[in-house]
Amino acid sequence: MPEGQGEFGVIRTVLAAMSQRYMDVSLKSGPGLRVRILERPGLWMEAAALEALSADLRRVASRTLSEGGLTYGVLAADRARMGQSIITLVTRADGTPVAFNALAVMELDTQPRPTEVLHLGLVMVDPDERSRSLSWVLYGLTCFLIFFRRQFRPVWISNVTQVPAVVGMVSGMFSNVWPVPDGGRRTLTHLILARRIMEGHRHVFGVGSEAGFDEDRFVITNAYTGGSDDLKKTFDDAPKHRDERFNAFCAQQLDYDRGDDVIQLGQMDLAAIGRYLSREVPKGQVPGLLITGGMVALRRLILPLLYWSDSGRQWGVLRPAKDR
């Protein structure tokens, strides 16, 4: 055992991890792959580490896009954007990056209090790794851990896409999703959140100000003008879902020549967690995932106690900041 990693060294390491304000979690994902989830790295990462992370994301993007380059979100090399993102990075055992999801944290101006929505964001997978079934990692894993971190309170998610396979995946993985084929239920909350997203957060998914929004269908028209131009696909090129309902839904609702997207809103809640663990996560990964989720939840419970024990730390109205 390395020096300083005895019993007390391990305890110190665990306590240090518990004191982190932002999530930084690593775990295995099948043979030869590792996953690292970094919450808002632009707020805490050193410059060199942040640049290395950005370089990994750009490397995956260069393998994914045949030409051109995206100019929005985490690929814009903007620390502020990285400070509002949760990055899920998949690497091989030798550290080579092969896939990522850049989930954006949006705070929407709603009443009686702001609502935080996690946008599923930009997902890219190296073509050589697309047979590895990484959707459970890239779309659900981060939301799963955030749900644990928030002590099992439902988490709102949003998704903007023209890909039938993604529309179907989101419809099946999350709860209270709208729109979906064959009906579904659009609530007033869905409508208010969609309006707030379109009013103030188009930059998150690379949609320009000139794009329209059809509130009845939740369709963004002429969506590929705000930095996401290289993601535009024809219907033939867009990956299809195994359930033909989602393919037909996208073909009917979206004008692919113009460049339309559907915006979906849903929730990660207990019902969604059950579906995620039973349908999406490989059986061998479930125990480790539950342990990781438990550690994330425990950290959230212990962190306030650590903060309270630090007399130099501000604690709202109970311990105002001292004048300097």
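Does F147 count as buried or exposed, and at what relative accessibility? In this predicted model, F147 counts as buried because its relative accessibility is 0%, and under 20% is the range taken as buried. F152, by contrast, has a relative accessibility of 43% and therefore counts as partly exposed. F147 and F152 together form an aromatic pair of the edge-to-face kind, with 5.6 Å from centre to centre and 75 degrees between the planes.

A further aromatic pair is made by W178 and F218, whose ring centres lie 4.9 Å apart and whose planes stand at 90 degrees, so that this pair is likewise described as edge-to-face. Distant parts of the chain are linked by this pair, since W178 belongs to strand β7 (residues 175–178) whereas F218 lies in the loop between β8 (212–214) and β9, 40 residues apart. Both W178 and F218 are buried, and one aromatic cluster is formed by W178, F213 and F218. The face of W178 also has a charged residue over it, namely R186, at 6.0 Å from the ring centre.

The buried residues of α2 are L50, L53, S54, L57, V60 and A61. Seen down the helix axis, these buried residues of α2 fall within an arc of 120 degrees, and they therefore line one face of the helix. In general, an α-helix has 3.6 residues a turn, so residues three or four places apart point the same way. A48 and S62 are exposed on the other side of α2. The cover over the buried residues of α2 includes β2 (33–39), α3 (79–82), β3 (85–92), β4 (97–108) and β5 (115–125).

Helix α7 (residues 244–253) can be described in like manner, its buried residues being F246, N247, F249, C250 and Q253. Down the axis of α7, the buried residues fall within an arc of 160 degrees, so they line one face of the helix. The exposed residues E244 and Q252 are carried on the face of α7 that is turned away from its buried side. Among the elements covering the buried residues of α7 are α5 (164–173), β9 (219–221) and β10 (261–268).

Notes
Residues numbered from 1 in each chain as written. Predicted model: local features only at pLDDT ≥ 70, side-chain atom pairs only at ≥ 80, totals over all residues. Heavy atoms only, no water. Buried < 20%, exposed > 50% of the residue type's maximum accessible area, 1.4 Å probe, protein only. Helix = DSSP H or I, 4+ residues; strand = E, 2+ residues; numbered from the N terminus. Arc of directions from axis to C-beta. Contact = heavy atoms within 4.5 Å. Phe/Tyr/Trp six-rings, centres within 6.5 Å; stacked < 30°, edge-to-face > 60°. Lys NZ or Arg CZ within 6 Å of the ring centre and 35° of its normal.
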